[in-house]
Amino acid sequence: MDRDQYQNVVHTFFDCQSNVITEIFGEFLAAMEAEQALPPGSCMSQNYETAQANPEIHLLPGNLKDARDAIFPYFWGTDGWSSPLHLENVRGPANFASLVGALACLLKNPNLCTDSYSQRSNELEVKSITALANLVFYHTKDPWGVFTSGGTVSNLYAGKIGVEKVQPGAMRDGIQAEELAAVVSDASHYCNKTIVGWLGMGLKSLHAVPVDNKLAMRLDKLQEKLDELYQAGKKVAYVVATFGTTDAFGIDDVAAIRKIIDETAQRYSAVVPHLHVDAAVGWTLCFFGDYDLQKNPLKFSEELLPWIAQAQKHARNLQYADSITIDVHKMGRAHYPSSAIIVNQRSDLRYLSRSVADTPYFCEADSRRDPALFTLECSRPGIGPYCVMASLNSIGLTGWQMLTARALELAYYLKQRLEKLEYCCVLNPGTCGANVVWWVLSKGRDAKKIYKDLEDGKLSPEDVGRFFAEIRRQFDKRDRNMNDAIDARLSYTTSIGFELNGYELPAWKAVFFNPKTDETVIDRLIESLEDL
Ligand SMILES: *Cc1c(COP(=O)(O)O)cnc(C)c1O
């Protein structure tokens, strides 16, 4: 081999040339700032046609600018969602404290499989998990957890713990799928289906309980379902309560669910199902845990205080959960992937553990500090812990209270404005989240009366079909006539998860994620409805 050529490659790609790196970074930052001057989504159209046809690899070694050039069109063609007009979903710009954390992590590139591959970064994971656990579980004694690649995988961990609780040894012997059951609500996230599929339980083992008009699991229906399952000889492995449903922000009553599953399991002499809370979206309400509503130090408006009180009440119920999923890459505005699965009692992790003999190349692993002995993943990124600690401790509890309250305030403002339009009807008036789902019918119609008639069974299936089609048509019409520079981007859901008189409800949807979105965006949104 030509050693000079080799040394050249090593120097270019493995010596840290900070001037070259910061120059390229400066260029990326400049491009990002330029993008922010454009309407959302207008950077560059996609070219899937040749993505597969021309996957060429350069022949000769180049330099770091080639690295830049190789990805730049894709970087530029990706909307950073920094525009305050993005209201489509639980997605938006990450905060820059998180960027500082993420970059620090990438520079060291720890692998959080074991202590010896990550040293103090492993410690940082323990610290971030404990900080989050104290926030959601009220200073529980012995929490533990890990970061995963997302809410789906965090929920998968909980499902696996549940299966091992009711079928001990399943890790070794496999599962008896026909015996198993899991319970969720109708408004829960679709990933719960993915999970029973991947756990080998199969979709038929997943039972969805109807929700009430606040999108919360109906407790009477949960009781019925559990009785039905136990009487059929099933082992109920786990129950997932949702804390903030993705579309409409329903919150399940965790304390009441705890009581029902404990009592019912006892009545049937069954192992108590694992109670998991999917708080992927809703967990930031916990920032209000200790907020003093009387003194109101942050001067929240009188209108907002009842919402904060409601958030506090729901958040306190989380202490009754066995485990919880927290997506910091959602309302925590951190970088992907920053999701955590946290168990209330560390002893629950024993259901996931394998022995050192099962993990041969971690033969020195120590279960007290080496996640590889119980995680699904072997190599694990440190991005989550770095983004989380950087975001929590720089923005601070008060900063997070303001960010969270502002999102609630805007959702409330939009709901109020919509309620004044007779052809609109808000579908989640009573939920205390950043999401708004609503109907827009043609002018002249009384949307609230149509809702009531549907509820009372006064509409024929033809009427219902016609009204639902109209709601969609109105959405498409606004979409076609949108002025990208001033009109907020909304999304449409075919079902918010709540069945009214047997009908799944479609809706327009907005989520207040971007801290720069303000009332003028909402005022313009209302104007665009009036213009339809
Ligand atoms: C987004 C979401 C998930 C899935 O989380 P990912 O991080 O996207 O995998 C699960 N549950 C709820 C309630 C969610 O909103």
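Q: Which element gives the largest share of the lining of the second largest pocket?
A: This is a predicted model, where local features need pLDDT of at least 70 and side-chain atom pairs 80 or more, while totals for chains, interfaces and linings use all residues. Residues are numbered from 1 along each chain as its sequence is written, and side-chain values use heavy atoms, without hydrogens or water. Helices here are DSSP runs of H or I, at least four residues, numbered from the N terminus. With 5 residues, the largest share of this lining comes from α4.

Q: How much space lies in the second largest pocket?
A: A pocket is an open set of points on a 1 Å grid over the protein atoms alone, where a 1.4 Å probe fits, with protein on both sides within 12 Å along at least five of seven lines. Its volume is the space filled by probe spheres set on the points, which are joined across faces, edges and corners. For the second largest pocket that is about 630 Å³.

Q: Which residues are closest to the centre of the second largest pocket?
A: Lining residues have an atom within 4 Å of a point. This pocket has 23 of them, and the closest to its centre are A51, E56, A70, P73 and Y74.

Q: Which elements give two or more residues to the lining of the largest pocket?
A: The largest pocket holds about 1,100 Å³ of space. Its lining has 36 residues, with M32, G80, A94, L99 and H335 closest to the centre. Two or more residues each come from α2 (18-36), α5 (96-108) and α13 (383-419).

Q: How many residues does α2 give to the lining of the largest pocket?
A: Several helices contribute, α5 and α13 among them. The most comes from α2, with 7 residues.
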